[in-house]
Amino acid sequence: MNLLIKGGRVIDPSQGIDEVLDIVVENGAVKELGAGLKAPAGAETIDAAGMIVTPGLIDMHVHLRDPGLEYKEDIITGTKAAAAGGFTSVACMPNTKPVNDNKAVTSYIVAKAKAEGLVNVFPVGAITQGSKGEALAEMGDLKEAGCVAVSDDGRPVTSSELMRRALEYAKGMGIMVISHAEDLSLVGEGVMNEGFVSTELGLKGIPWAAEDAATAREVYLAEFTDSPLHIAHVSTKGSLRIIRNAKTRGVKVTCETAPHYFTLTDDAVRGYNTNAKMNPPLRTADDMAAIKAALADGTIDAIATDHAPHHLDEKDVEFNVALNGIIGLETSLPLSLKLVEEGVLTLPALVEKMACNPAKILGIDRGTLKAGAVADITVIDPKATWTVEADRLASKSKNSPFLGWEMKGAAAYTIVSGKVVYSRS
Amino acid sequence: MGFNHKDIIGLQGLTREEIQLLLDTADNMKEISGRDIKKVPTLRGKTVVNLFFEASTRTRTSFEIAAKRLSADTINISASTSSVTKGETLSDTARNIQAMKPDIIVMRHAASGAHHYLAQRVSCSVINAGDGAHEHPSQGLLDMLTMRQKFGALDGLTVAIVGDITHSRVARSDIFGLTTMGASVRLAGPPTMMPPGIERLGNVTVCTDMREAIAGADVVMMLRIQLERQGKTLLPTLREYARYYGLNPQNLKLAKPNAMVMHPGPINRGVELSSYVADGDQSAILTQVENGVAVRMSMLYHVSGGELPTE
């Protein structure tokens with residue numbers, strides 16, 4: 001399908017573009033950017049006046065729950081939610097059933113996504129076999145089958161020796177390691193951030209030191225092995241201080257945070273709200289301020305959702321037994337646009353964190369509107385207002401702390417390889 | 001004024017007047033327990049379900065006696081907290097019990113917030129008989145009643161609470177209730193058992209040394225060390241705990257001469273309290289137990305509308 005996207009404010013940090021332009025898409029690729037362009041033969045025209053046109057957004061941290069946990073989400077519903085949220089690509093974590101620690105599982109995900117998915121799915125394989133933290137997974141095979149990174153997300157690699165070897169081995173295979181940085185012995189039986197709110201509610205706390213201590217270990221191992229490392233879902237002031245410092249020393253470390261960490265604090269747990277239970281836990285206003293500062297100064301490279309669907313039955317229970325995690329694909333864009341409204345980020349900087357940087361970190365040929373690039377494009381309506389309602393979410397699960405919230409900004413069109421896979425109207 | 005709450009989940013959020021009312025009613029209820037025939041028809045025809053997910057003999061018995069003295073029909077259900085892992089959720093349990101149309105559910109549960117959860121799902125009243133490390137409002141009320149009986153008022157009292165504050169629902173309910181009523185609370189215990197920000201809950205001071213907390217105090221409340229909960233990391237040995245955080249005749253002298261010694265029970269003799277103190281003149285431990293029945297009668301009475309049944 002050919003497309004003319006007309007008169008939108010095109011923001012493409014990969015080329016330093018921020019101006020009102022037309023884009024011509026032909027045969028699934030970007031053909032041309034310019035003013036007053038003509039539609040190619042048989043092209044559909046999208047009127048993007050008043051809209052923002054960006055390289056397709058990339059969520060480098062989602063859980064599609066497929067294979068094995070399809071009652072929560074599957075590749076079809078997960079990619080539908082991604083498209084509705086403006087994402088053209090997602091990287092899915094390996095904690096499926098079975099764990100994506102071998103090329104058979106990777107191949108299944110790739111094939112199903114290709115056949116039935118609405119957006120690109122880039123699988124992340126496991127660091128260790130079964131994500132058990134005992135022996136390295138076959139990273140060469142994983143990469144060959146289509147994995148773009150390895151991570152034992154949700155389960156930190158507790159052995160420092162094994163993590164060291166993982167970083168070394170992955171470097172040899174040319175695949176990125178993504179770390180879930182958390183010291184489990186400090187987490188203990190904690191179910192929320194340790195602080196005043198946990199004290200008041202009588203819930204067991206998880207200290208910030210559990211994240212900071214593990215982040216420090218990861219950073220030193222990356223420095224020691226001279227390997228690239230990405231830290232997932234950073235939530236504390238201390239972790240950011242460690243990462244900022246490491247970056248100035250030239251350590252090849254990148255990191256991401258999630259919209260809930262710059263939108264909510266542990267106050268959201270009051271009332272024992274299980275939709276505010278996640279890992280790492282929601283922290284304090286102090287941490288939230290540090291996250292915004294780190295987004296602004298570039299310490300945080302990417303915004304990822306950690307989209308973690310869970311069935312109602314897994315959340316409609318006492319707080320301490322509820323599963324961790326929230327869905328995020330459909331609320332990420334408006335929550336992130338708020339950062340622009342608050343002056344934390346410029347729009348181009350936001351696009352970098354939601355499209356260009358994730359592509360760079362994962363080493364995938366996306367995140368740009370350069371002529372010849374795959375036409376993955378997001379058209380954003382920055383003025384659209386809407387309410388988050390459970391039955392309108394495309395995701396199979398509805399575990400969001402933002403239900404009922406008024407949102408501003410939405411994807412108007414999500415375009416993957418030149419094909420409109422989602423349109424708001 | 002009346003008591004306009006469907007449930008009693010905690011003392012946090014109750015007003016001074018409401019706590020006053022609960023205590024005043026308890027004082028009146030106490031008289032009933034002193035009669036030959038310890039029964040009034042107040043809750044006749046009402047059904048009270050004691051739903052205990054955690055073992056507790058004294059609290060359950062106390063609630064049962066309270067309900068029976070008010071002529072309610074009582075049913076005791078002991079359920080294992082592990083029923084969640086066996087498949088039955090609290091939500092299902094709640095629905096099932098609700099279907100039997102009780103008037104009041106008295107619940108104890110190991111999960112903080114379980115009562116909050118239950119109260120939103122059932123139309124009958126819910127009384128918290130202890131949830132995790134969150135609240136134990138009937139204990140808080142009986143503690144306050146015992147103090148009020150001795151000192152006449154709670155305003156201006158200094159109450160020292162010593163022990164494992166982190167895991168203590170009694171400490172939280174005492175703090176919420178006492179500070180609302182105008183008392184000041186001093187806390188002491190090993191820093192491994194002191195939760196962050198606790199001083200922000202009200203008029204609360206955290207002391208590093210137990211002696212500092214009890215110096216000049218009107219009341220010394222010793223908390224039970226839950227041996228099963230401490231693991232190996234919160235304290236080295238019970239011997240050392242008793243030495244630094246136990247109440248004995250020597251350090252009790254630091255408190256006011258007429259200071260009252262309290263303990264929510266059951267006591268680990270020789271750990272939190274030396275037997276000399278536990279059985280001594282200043283100990284109010286058995287009065288606390290006695291007051292427990294009166295306070296629970298008051299709670300049952302007020303959540304059920306606080307009115308005599310029409311004939």
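Mentor: Let's start with a word we'll need: two residues are in contact when they have heavy atoms within 4.5 Å. This is a predicted model, where local features need pLDDT of at least 70 and side-chain atom pairs count only at pLDDT 80 or more, while totals for chains, interfaces and linings use all residues. Residues are numbered from 1 along each chain as its sequence is written, chains are lettered from A and ligands numbered from 1 in the order in which they are written, and side-chain values use heavy atoms, with hydrogens and water left out.

Trainee: Okay, which residues is B:Ser62 in contact with, leaving aside its neighbours within four places in sequence?

Mentor: First find B:Ser62 in helix H2 of chain B, residues 58-69; helices here are DSSP runs (H or I, at least four residues), strands are runs of E of at least two, and both are numbered from the N terminus. B:Ser62 has 7% relative accessibility, so this residue counts as buried (under 20% relative accessible area; exposed is over 50%, partly exposed in between, with a 1.4 Å probe and protein chains only). Beyond those sequence neighbours, its contacts are B:Gly292, B:Val293 and B:Arg296.

Trainee: And B:Asp164, which side chain does it join in a polar contact of 2.9 Å?

Mentor: Look in the loop between strand E5 (158-162) and helix H7 (169-180) of chain B. B:Asp164 is buried there, at a relative accessible area of 1%, and its side chain reaches the backbone nitrogen of B:Thr166 at 3.4 Å. A polar contact is a pair of N or O atoms within 3.5 Å; within protein, one must be able to donate a hydrogen and the other to accept it, and residues adjacent in sequence count only if both atoms are side-chain atoms. At 2.9 Å, the partner side chain is that of B:His167.

Trainee: Now the two chains: which side chains meet in a salt bridge?

Mentor: On the contact count, 16 residues of chain A touch 25 residues of chain B. A salt bridge needs a side-chain nitrogen of Lys or Arg within 4 Å of a carboxyl oxygen of Asp or Glu, and the count between these chains is 1. At 2.7 Å, N to O, the pair is A:Asp316 and B:Arg121.

Trainee: Last one: how many disulfides are there over all chains?

Mentor: A disulfide takes two cysteine sulfur atoms within 2.5 Å. For A:Cys92, the nearest cysteine sulfur, in A:Cys147, is 7.9 Å away. The sulfur of A:Cys255 is 17 Å from the closest one, in A:Cys356, so that is too far for a bond. Over all chains, the count is 0.
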